[in-house]
Amino acid sequence: MSATTRRLTTAQALVRFLSAQHTERDGVRRRLIAGTWGIFGHGNVAGLGQALVEYRDTMPFHQGRNEQSMVHAAVGHARQLNRLSAQAVTTSIGPGATNMVTGAALATINRLPVLLLPGDYFASRAADPLLQQLEHPVEADVSVNDTLRPVSRYFDRITRPEALIPSALNAMRVLADPAETGAVTLALPQDVQAEAYDWPEEFFAERVWTVRRPAPDPVELDAAVAAVRAARRPLIVAGGGVHHSEAEDALRALVDATGIPVASTQAGKGSLRHDHPADLGGIGHTGTAVSDALARDADVVIGVGTRYTDFTTASGTLFQNADVTFVNLNITGFDAHKLAARPLVCDARTGLERLTEALAGYRVDAAYEAEYGEGKERWDAVVEAALRAEDHTAVPTQTQVLGALDAVVGDDDVVINAAGSLPGDLHKLWRARSPRQYHLEYGYSCMGYEIPASLGVQQAAPGTPVWALVGDGTYLMMPTEIVTAVQEGLPVNVVLVQNHGYASIGGLSEETGGERYGTAYRHRAADGSFTGAPLPVDLAANAASLGMDVLRAKTVRELRAALAEARASDRPTCVYVETDPTPTAPPAEAWWDVPVAEVATREPARQARERYDAQVAGRRRHL
């Protein structure tokens, strides 16, 4: 124990400690924990609640309305700042804590840092059982907070004040580590939060966590370079790691030097500007025709910061060249070794720079550049036709909504989406103009993410126009942080698309033999199906009742005017538009595996199974 100590409660010590933590990368320093979101209740109000009052001058506090939403807001903040800054979230015990599980899963799957501080039961067992306690008959040390273990990158329950010291340091280590980051949970028993202890002053000293940029191993680099130099049809797959590492300039330098084209995952879109000659747009099930065509014949695939999810690989059916080789540049060895690749375990920017140096003199054939250039030109024409199609009298389509938004946004605006039919349309059609403009959460594809995430992005980038694109189904999941936006004075924009149901799942249901059953927001018909009139629900009025300014648009022309007005506003604004639910975006260029009933009596399901069997036959394992 240090000779100099300070007597504080555990909660006070934690808040004071968090206020002194920083990250540093490339000489730029940021607060590691920029603020704390919270909903107070039984289990944190008298501990962390009091501590946040005690240190309100050094730890900003944001009042949330839903625990899952608060985690989403913190994740949006972290992603906007390339994982160099995070936020904490505190909740009560019981349902307050378990409401964070979905948000924690989203953060960890997407490799984004967030610190979770749920209240917990009495460590002393003085009150046992207590309100909201789950009693386990054979494991008395289990609480509902243990549901956060499998979705956290680091978890600890602080049962004594002094145990906070090593645990808090480990928590910061994980949050700041680009290879390990995700949700970090420190469960805090309510009696321990309020217990006093003589803390060493060194615990509260300013501390800087260096965010590393590890270089590739020379042997791995030589193997990767040899594979690329032997390639005739190489393709780069840019993932979210390009953005997290701020490696966009390094990627462009590699592409300019070698002529290798780039296709992007949902998380990687915007790694190159859409008008760069080598940017081919999205890849995989929701990818572009040119990207997927090149992927099928690619002989070397260079994955940069990608997890290779099933949407990217078309469930193992996309990369069909019999001799295809993968070179995976990734900060985590786990991802770098996927698809039996030649791994480059390193920081994306550092790795791309070393790869560019080592490939000096290499360039793809002019015929290959001409091929993908012509494919890009054809696809650009498809995009232009889809986004610019206008009919000033008819109900707008979803692609027309995207076209209207495309015409209004500036290069630095941020467009946020996560679920429904919009991610597919955006991946194919959106023309990303800057690295941070395209903000798709598609690791967990969590309905309800968009609105709270827009708050976190707005906090991270004040003055930047932020757009949350939501369908009616997503809006109904989690609109409550609209109230928080009003309270905090965050001028986020919500584009609310009313298409009377789950459009994406409706289409998937039809494709897989489910006949769109239970996917429309309509009255039940006499036969029990959901085919009656649309429900008399006014979501625009709901948004207004929560404090937003609301602009209603009925035509493309009205929509474009409303979007321009929202962008110019300094208040939270909702642009509401009812759309024609008929799909108008280009169809999928690659498959996605959703298993279909092997036996059924209904003809749509039998036909769907025939299609499924034909597609699954094309799957291959890259060994």
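Ala, Val, Leu, Ile, Met, Phe, Trp, Tyr, Cys and Pro are counted as nonpolar, Asp, Glu, Lys and Arg as charged, and the others, Gly among them, as polar. The model is predicted, so that local features need pLDDT of at least 70 and side-chain atom pairs count only at pLDDT 80 or more, whereas totals for chains, interfaces and linings use all residues. Residues are numbered from 1 along each chain as its sequence is written, and side-chain values use heavy atoms, with hydrogens and water left out.

The structure contains 2 cavities of 30 Å³ or more. A cavity is a set of points, on a 1 Å grid over the protein atoms alone, where a 1.4 Å probe fits but cannot get out; lining residues have an atom within 4 Å of a point. Points are joined across faces, edges and corners, and the volume is the space filled by probe spheres set on them.

The largest cavity holds about 160 Å³ of space. Its lining comprises 19 residues, of which H274, D279, G281, D380 and W430 are the closest to the centre. Two or more lining residues come from each of strand 14 (279-282), helix 15 (366-388) and helix 17 (422-429), where helices (H or I, at least four residues) and strands (E, at least two) are DSSP runs numbered from the N terminus. Helix 15 gives the most, with 4 residues. By class, this lining has 8 nonpolar, 5 polar and 6 charged residues.

The second largest cavity holds about 40 Å³ and is lined by V15, L18, T36, L48, L52, M59 and L117. The lining of the second largest cavity divides into 6 nonpolar, 1 polar and no charged residues.

Key
On a 1 Å grid over the protein atoms alone, a cavity is a set of points where a 1.4 Å probe fits but cannot get out, and a pocket is an open set with protein on both sides within 12 Å along at least five of seven lines; lining residues have an atom within 4 Å of a point.
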